[in-house]
Amino acid sequence: MTSPSIRKHTDNAPVVVPSRLDIIQAITGVLLILFLWAHVFLVSSVIISPALMNGIADFFERTYMAQIGGPLVLLLIVYHFLIAARKMPFRASEFMTFWRNARSLRHKDTWLWVVQVVTAIVILVMASIHIYVVLSTLPITAEQSASRVQGGWLPFFLILLPMAELHLGIGFYRLGVKYGYITRASRHVWQRNEYVLTGIFILIGLLTLVRFMLLTN
Amino acid sequence: MQIFQSDLLCIGAGLAGERVAVAAAEAGFSTICLTLVPPRRSHSSAAQGGMQAALGNSIMGEGDCPDIHFTDTVKGSDWGCDQEVARLFAENAPIAMREMAFYGCPWSRVVPGEHTYYKGGKPFKAVEKEENWGLIHSRAFGGTAKWRTCYTADGTGHAVLFTLDNRLVQLGVDMHDRVQAEALIHDGDRCMGCIARDLRTGELRAYFARATLIATGGYGRIYKATTNAIICDGGGQICALETGMVPLGNMEAIQFHPTGTVPTDILVTEGCRGDGGTLLDVNLYRFMPDYEPEKAELASRDVVSRRMTEHMRKGLGVKSPYGDHLWLDIRHLGEKHITTNLREVYDICNNFLGVNPIHQLIPVRPTQHYSMGGVRTNKDGAAYGLKGLYAAGEAACWDMHGFNRLGGNSLAETVVAGRIVGAKVVEYLQGDDNTVFSTAAMRDAAARVQERIDILVSGRNGRENCYAVRDAMQEVMMEHVGIFRNGKDLQAGVDKLQALLERSQHIGLQGRNMGFSPELSMALRVPGMIKLALCSAYGALMRTESRGAHAREDYPERNDRDWLNRTLATWSEGATLPTLSYEDASPYFELPPGDRGYGGGKIIPGDIPADKIRPFGKAEQQEAK
Amino acid sequence: MRKLNIDVFRYNPLDPESKPHMQTFVLDETPSMTLFIALTQIRETIDPTLMFDFCCRAGICGSCGMVINGRPGLACSTQTKDLPDHIVLQPLPFFKLLGDLSVDTGTWFRQAWERIESWIHTDKTFDPNEEEERMDNELANEIFELDRCIECGCCVAACGTALMRKDFLGATSINRLARFYIDPRDHRTEEDFYEIIGDDNGVFGCMGLLACEDVCPKKIPLQDQLGIMRRMTALQSVRGIVPKFLLDRLSPRRCGCSCSEQHND
């Protein structure tokens with residue numbers, strides 16, 4: 001007996017859009033993770049010495065990497081957001097359903113997704129502002145950054161920094177889960193790694209901010 | 001009322017029902033399955049142990065063949081079975097297993113090399129052969145000469161059921177779940193389907209079919225302590241009995257499982273003992289070798305259950321708030337074995353008893369487990385009394401189990417009988433193309449069911465609580481129709497059941513009946529269940545001998561002179577007792593009655609006429625001539 | 001001995017007078033009591049109209065999935081001693097409510113199996129006289145490991161994605177397909193599997209919330225199967241774009257044996 005198939009075969013090749021979008025979401029995510037790590041590291045050079053930071057900034061500006069890279073990163077963020085937003089509960093009923101489920105389940109990974117949605121929206125807005133402000137007041141110098149932080153922008157960074165790092169840490173963990181690299185056996189280890197990683201980057205960021213606060217011209 | 005039509009109507013969608021449905025659907029006949037629960041929740045899924053088939057791939061099953069399987073089955077049945085059917089079963093079992101493998105069942109396979117197995121709690125080593133790599137493996141079960149039980153870890157029933165149900169999805173068989181059959185539609189000559197209740201809405205439906213199959217499983221719920229699922233209330237047997245024409249066979253043959261857990265009555269598999277688990281008493285003493293030096297814990301179920309009861313009656317049981325019990329010890333099998341091969345057992349103990357079997361003993365006692373009896377059919381699965389009515393699986397008395405069935409034989413029966421009966425149903429459907437569905441018969445059946453519902457809802461005849469009546473029946477069965485039986489208790493039991501049958505006529509609903517009412521389902525069932533109970537109790541009272549699972553203290557010997565036969569019970573309308581008649585146990589004997597080699601007990605020999613004796617293993621050739 | 005306060009969701013959609021509400025039942029706890037024992041007691045002694053589903057009452061059949069103090073689980077294998085005095089029982093969300101705690105899982109699962117074609121696809125025919133196709137026992141165990149799903153619906157009912165998007169196939173379906181993916185008797189190719197689950201109702205709908213993994217009463221490795229199937233499917237869509245050596249490196253192995261040739265018959 002051969003197996004009759006009830007599936008509708010079409011002449012067209014299978015639709016690859018959802019799959020490729022998923023891959024693009026993953027790749028843009030990874031690129032943004034790498035960017036943010038590099039960004040935090042580079043800016044944190046101010047902790048060692050403002051001159052070092054200025055040197056690095058100068059290098060990126062003279063090679064035009066900042067001027068071109070900045071808008072590209074913004075584009076990447078928007079692109080990543082748009083793709084990932086396919087999954088976001090835009091309708092109130094969907095959102096309420098998800099919210100009720102998360103509350104009822106008291107399940108950490110489900111809550112983490114809520115965190116990701118919230119942080120995503122915050123990042124989209126704040127990162128755009130951040131990039132615009134920085135790129136419209138070139139050159140980047142430790143002094144200018146310090147005066148900005150001291151001149152009232154501190155709360156802005158105090159919000160953006162943990163939001164970005166949380167989103168990144170959770171995204172990194174979830175990407176591993178979704179593509180089967182983080183398995184049942186290694187999940188708890190990776191969950192811990194994710195906390196540690198997020199913690200370290202927030203710490204570095206905070207130290208950087210403290211340094212900017214203390215920096216005098 | 002909605003009316004459905006099909007070629008085949010399967011009442012029940014467990015393994016037997018589904019296997020017959022597959023046969024009909026493969027032959028191109030329209031098939032509808034009715035089931036109380038989604039098919040994959042059928043009680044077949046709960047069978048953990050395995051299916052017996054003489055494949056002989058494992059080293060401990062080497063040299064196995066249908067002849068030996070047949071012999072074990074007949075001995076197990078205490079010569080109560082139909083030997084023609086037992087032969088048919090043994091010959092077809094290996095094919096059915098391979099077919100399941102073909103459909104996708106993940107049978108456990110032979111792994112060549114040295115393995116440690118257990119027998120009677122003692123480990124020994126055996127080397128599986130290189131050339132048998134990857135063939136279907138088998139494990140030990142009670143009452144068999146060879147290791148013959150094919151298995152899938154310890155979820156055999158689940159694995160085979162899902163495999164088969166996948167096949168049904170593929171074939172596009174119509175599955176009507178949450179539907180309860182209430183009465184057969186028939187004109188006194190031919191069965192034409194059934195009247196059923198939709199358990200989503202409570203509405204009645206009519207199903208017309210050229211052939212109707214009863215495959216509703218056992219009727220264990222007439223007992224209080226039973227391993228059977230909630231749904232095993234004998235619905236199919238009740239429908240058959242209510243026709244007044246279709247007899248039920250050997251309803252007194254009821255098997256108790258040695259290892260039902262206390263207090264939830266959930267079964268832990270015979271595989272525990274097959275793999276080397278031992279039974280201990282209150283002093284943690286292993287008592288089975290004293291009673292059964294040869295087979296110890298691996299004697300057949302009826303023997304082990306009886307010995308356990310006997311031992312507890314000596315005061316050596318463990319006292320608990322739920323009554324006496326004994327211990328099952330599998331600790332020595334080790335954590336790996338318990339958490340892989342016996343994982344379901346491990347889960348059951350942890351989740352339902354709060355016991356960790358790796359370190360603790362499991363409280364067990366004999367619990368009602370299997371009903372050998374059921375709708376009596378011929379070897380083709382056709383029920384006596386009505387044309388177009390078939391039965392298969394535990395619901396049927398096909399009769400390969402006689403008075404005791406072997407572990408692993410019932411699960412195998414579902415797919416083997418399903419295969420054979422399925423082919424016969426197809427033959428019937430191909431041969432019969434002039435069935436006329438009688439609307440009058442349908443209206444009549446529907447009116448009767450509706451009338452019963454009206455009485456229950458209105459409380460016209462009284463407001464007896466259906467649960468109270470059911471509980472009373474279950475108590476009577478435990479008390480009077482248990483493992484050890486005697487004339488006095490059975491008579492008292494029959495009397496009490498008759499009184500209960502009268503009481504059941506006055507049942508009325510306590511709650512509202514809106515949409516689907518679970519209380520109404522039970523209330524509709526209870527009178528029928530009491531009738532089944534009466535068939536069992538009265539049949540047991542009349543059968544003045546001990547055979548297989550039917551153990552009479554006042555008639556301890558097996559009496560082949562007077563009782564080498566099968567009880568047939570029919571129910572006339574308005575009667576308070578079944579009408580019993582008897583037929584020969586087997587049309588012929590390849591294996592003349594003898595000693596089972598376990599269980600002890602005296603035998604009163606009978607005279608088997610010479611023309612009823614056939615040469616062993618030559619039955620089929622004889623048939624061909 | 002404790003007194004248990006059991007709040008049960010009540011609603012009979014077929015009764016025009018019925019409105020969704022919670023009803024409290026008070027019971028004396030007994031030793032080894034499970035929610036099966038408790039609910040049966042309520043129905044048989046307090047309120048005979050209470051609707052719920054039990055069948056095997058042994059955690060094998062998957063009938064009695066419900067939301068127990070906020071989390072989906074099997075009522076029959078939940079011992080009251082592990083719960084506080086106050087127990088809240090609700091029907092599984094996602095599935096159609098039939099009444100009180102009873103939901104229609106049967107219809108949903110049937111449709112899911114038709115969608116994913118949950119059966120062995122082969123061109124071979126069964127020959128009763130032929131020896132069975134041999135299989136490595138490790139592989140048989142791996143298949144059974146995934147086949148153990150009892151279709152209780154807990155994974156779907158706990159899944160934020162499924163609750164928002166009713167067409168999502170859920171972990172149970174993807175796990176079921178993974179079972180066929182590793183079975184050499186099923187001759188479907190990666191492309192065939194892609195066609196079934198390669199969209200946002202299939203593997204790409206999964207957001208990695210892992211509630212399925214965490215509520216599964218049978219501890220089926222859902223997380224791992226979702227990962228394997230997603231990776232396989234994603235790579236399938238970039239075949240021809242990404243170099244082959246990279247694809248091979250990234251691809252999850254199909255099964256535990258050396259039967260990759262058989263899969264591509």
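Contact is defined here as heavy atoms within 4.5 Å. The structure is a predicted model, in which local features need pLDDT of at least 70 and side-chain atom pairs count only at pLDDT 80 or more, whereas totals for chains, interfaces and linings use all residues. Side-chain values use heavy atoms, with hydrogens and water left out; residues are numbered from 1 along each chain as its sequence is written, and chains are lettered from A in the order in which they are written.

By the contact criterion, 76 residues of chain B touch 71 residues of chain C. The size of an interface is often given as the accessible area lost when the parts come together. Buried area is taken as the accessible area (1.4 Å probe) that two parts lose on being put together, summed over both. Chain B and chain C bury about 5900 Å² between them, and carbon and sulfur atoms account for 54% of this area. Of the area that chain B buries against chain C, 13% is supplied by B:Arg41, B:Phe102 and B:Phe352, more than by any other three residues.

Salt bridges were assigned where a side-chain nitrogen of Lys or Arg lies within 4 Å of a carboxyl oxygen of Asp or Glu. Eight salt bridges are counted between chain B and chain C. In one of these, B:Arg98 pairs with C:Glu132, with 2.9 Å between the closest N and O atoms. Polar contacts are pairs of N or O atoms within 3.5 Å; within protein, one atom must be able to donate a hydrogen and the other to accept it, and residues adjacent in sequence count only if both atoms are side-chain atoms. Between chain B and chain C, 36 residue pairs are in polar contact, with both residues at pLDDT 80 or more.

Secondary structure follows DSSP runs, with helices (H or I) of at least four residues and strands (E) of at least two, numbered from the N terminus. The side of chain B that touches chain C receives at least two residues from each of helix H3 (83-103), helix H4 (156-171), strand S7 (174-177), helix H10 (343-353), helix H13 (466-480) and helix H15 (518-542) of chain B. H4(B) gives the most to this side, with eight residues. For composition, Ala, Val, Leu, Ile, Met, Phe, Trp, Tyr, Cys and Pro count as nonpolar, Asp, Glu, Lys and Arg as charged, and the others, Gly among them, as polar. On this basis the side of chain B that touches chain C has 34 nonpolar, 24 polar and 18 charged residues.

Chain A has eight helices and zero strands, and its C-alpha trace spans about 85 × 40 × 35 Å along its principal axes. The contact between chain A and chain C takes 43 residues from chain A and 57 residues from chain C. The area buried between these two chains is about 4000 Å², with 51% given by carbon and sulfur atoms. Five salt bridges are found across this interface. Among them, A:Arg187 pairs with C:Asp214, the closest N and O atoms being 2.8 Å apart. Polar contact joins 25 residue pairs across the interface of chain A and chain C (both residues at pLDDT 80 or more). Helix H1 (17-43), helix H5 (92-105), helix H6 (108-136) and helix H7 (142-178) of chain A each supply at least two residues to the side of chain A that touches chain C. The largest share of that side, six residues, comes from H5(A), and its composition by class is 18 nonpolar, 12 polar and 13 charged residues.

Over all chains, the structure holds 81 salt bridges. One of them links A:Arg86 with C:Asp200, with the closest N and O atoms 3.2 Å apart. Because A:Arg86 lies in the loop between helix H4 (65-84) and H5 of chain A, and C:Asp200 in the loop between helix H7 (190-197) and helix H8 (211-215) of chain C, this pair joins two chains.

Sheets in chain B were described from strand pairing, which requires at least two DSSP bridges between two strands. An open sheet of four strands has the order S12-S15-S14-S13 (chain B) with antiparallel pairing. Strand S12 (254-261) and strand S13 (278-280) of chain B each have a single partner strand, so one side of each is left without a neighbour in the sheet. S13(B) is joined to strand S14 (residues 326-329) of chain B by three bridges, and B:Leu280 has B:Trp327 as its bridge partner in S14(B).
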